[in-house]
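Subject: Structure handover

Hello,

Here is the structure we talked about. Please open it and keep it beside you while you read my notes.

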Amino acid sequence: MRAIAEGLFTHEWPPRLIGGRERLTGRMVFPCPAGDGYEPVALTSEGTVWSWTVQRFRPKSPPYGGPDSFAPWIVAYVELAGQVIVEARLVHVDPDAVRIDMPVRLAPVPLDPAADDPVMIPAFEPLGDEV
Amino acid sequence: MSDVCIVGVGIHPFGRTDSLSGLDQGVFAVREALGDAGVDWKDIQFAYGSSDAAGNPDTMVERLGLTGVQFINVRNGCAAGGSALFSAQMAIKSGEFDLGLAVGFDKHPRGAFNALPAEYNLPDWYGEAGYMVTTQFFAAKIMRYMHMFGISREALGRVAEKAFRNGAHAPHAWRRVPVGIDEILNAPMVSDPYSKFMFCSPAEGGVALILASEKKAHALGKPLIRLKAATMRTRPPHSFEVFSPSIDVVADDRAPRGTATRIASADAFRAAGIGPADIHIAQLQDTEAGAEIMHMAENGFCADGEQERWLAEGQTEIGGRLPVNTDGGCLACGEPIGASGLRQVYENVVQLRGDGGGRQVPGNPKTAYSHVYGAPGVSAVTILER
């Protein structure tokens, strides 16, 4: 798997997201900032939807690096209990079925599914019946 | 310490003016404000100017006159105008000056703000993945707020409907045609739950305020509109802000999180020595319809969740208990960042003078509140008293 950036995912299968614990305060953030102030931490792969919306128009390029053809996608904040709330795509679910607090698990997706060697971005999918 | 008074106001209409630069619109507003105050440019002892995307404000001395005036530029995100006003009032409160200017103008390209990750200390992949879009943040914030406090999508529609209805009576507003609530609710969705009518647009415009010491205001013979408080504050820990790849987890996430707004608001009320119940008019940041709803509570005017009933009962209409965004706010006026906060104060001065025409708040209002909030978690509040 080729990630959109180094340091976002662990090199294992299935991969996990890498957060950063601030050494001074214990505060967890994502992604893990460079430098000695943060200790990389593999984040839990299951969480719940904290909030969400739908991106209905193609973001401007630059900086957006997705394909020219555009279909709306769901962007969610997913709470990883006791760790951090991360921003990621929410996939394999219709917007009408998304609920705050619904359980989800990490499921990275390609930024451009049609690309020959796509880069993968953080995404979550519903746990259970919705899939 | 003497009160600071606003003795002159001027505005260049908001919206799109292709023939004028942002600076031109600022100069237009300054000339109008000088005329309103009955003073000349050469009488102005100092100026603070704010612009985010339309150049350095101090260059306007070339148009207004090379008097050698002290002129300080302010760039402070969405709180730029409020920061200029805060600085201007401090210059008078200090006793150093007794007549000065706060001016703000801007001119943004059409469409959503186009931000780059590096400008916000974010990694490039964050923009490549499609997250440098302010509307996502606003939508995600209200989505959670609606879930937590039982706010309906109809309430969002009511806010937008009111904005366009009020804007129709404000000569400086951009969108001056009323839009029905069904059209608002059924319009194409931009970022759920917001349709296109529920977001304000980047725009253009200019606003100028002439400030004077109380003694100077008396000498000018102007009605005394006192600036009782002007505060600018930044965010507390754990707040949810635009362009956040992550948010802190907190022990009790069923209560609203702290915000820059809550801090700026509490400070302003403390400085003015009055409370939310004493305010007769409020201009609240309405980047989108839900922002006005959340800011009603964050500024202390109602409890979280009460907005649903307030809006259904029309309590924030021109004739209601607390008229909110009497000129249609950002939804009707658009948002030129450097000018937006000063427009709110302009509108409050117009209302306190009784010059609001078709949008005038009845009952001879005596207090007026303004509130700005924006990236990267900044807020500015003012309280005026007549």
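First, a term: helices (H or I, at least four residues) and strands (E, at least two) are DSSP runs, numbered from the N terminus. The model is predicted, so local features need pLDDT of at least 70, side-chain atom pairs count only at pLDDT 80 or more, and totals for chains, interfaces and linings use all residues. Residues are numbered from 1 along each chain as its sequence is written, chains are lettered from A and ligands numbered from 1 in the order in which they are written, and side-chain values use heavy atoms, with hydrogens and water left out.

**Annotated domains**

UniProt positions are given in the numbering used here, feature names are shortened, and annotations may be inferred rather than shown by experiment. In chain B, an unreviewed UniProt entry lists "domain: Thiolase C-terminal" at residues 258-383. That stretch of chain B is 40% helix and 14% strand, with its end C-alpha atoms 21 Å apart. In chain A, an unreviewed entry puts "domain: ChsH2 C-terminal OB-fold" at residues 41-106. Residues 41-106 of chain A are 0% helix and 47% strand, and the end C-alpha atoms lie 15 Å apart.

**Cavities**

A cavity is a set of points on a 1 Å grid over the protein atoms alone, where a 1.4 Å probe fits but cannot get out; lining residues have an atom within 4 Å of a point. Grid points are joined across faces, edges and corners, and a volume is the space filled by probe spheres set on the points. There are four cavities of 30 Å³ or more.

The largest cavity has a volume of about 250 Å³. Its lining has 18 residues, and K141(B), Y145(B), F240(B), P256(B) and R257(B) lie nearest its centre. α5(B) gives the most, with four residues.

The second largest cavity has a volume of about 40 Å³. Its lining includes F137(B), K141(B), H295(B) and Y373(B). Here α5 and α10 of chain B are the elements that give two or more residues.

**Two helices**

How do α5(B) and α10(B) pack? Their angle is about 60 degrees, and their axes are 10 Å apart. Axes are lines fitted to C-alpha atoms, for helices over the stretch in contact, and angles run from 0 to 180 degrees between N-to-C directions. α5(B) and α10(B) are therefore oblique to each other (under 35 degrees is roughly parallel, over 145 roughly antiparallel, 65 to 115 roughly perpendicular, and the rest oblique).

Best wishes

Notes:
1 Å grid on protein atoms, 1.4 Å probe; cavity = no way out; pocket = protein on both sides within 12 Å on 5 of 7 lines; lining within 4 Å.
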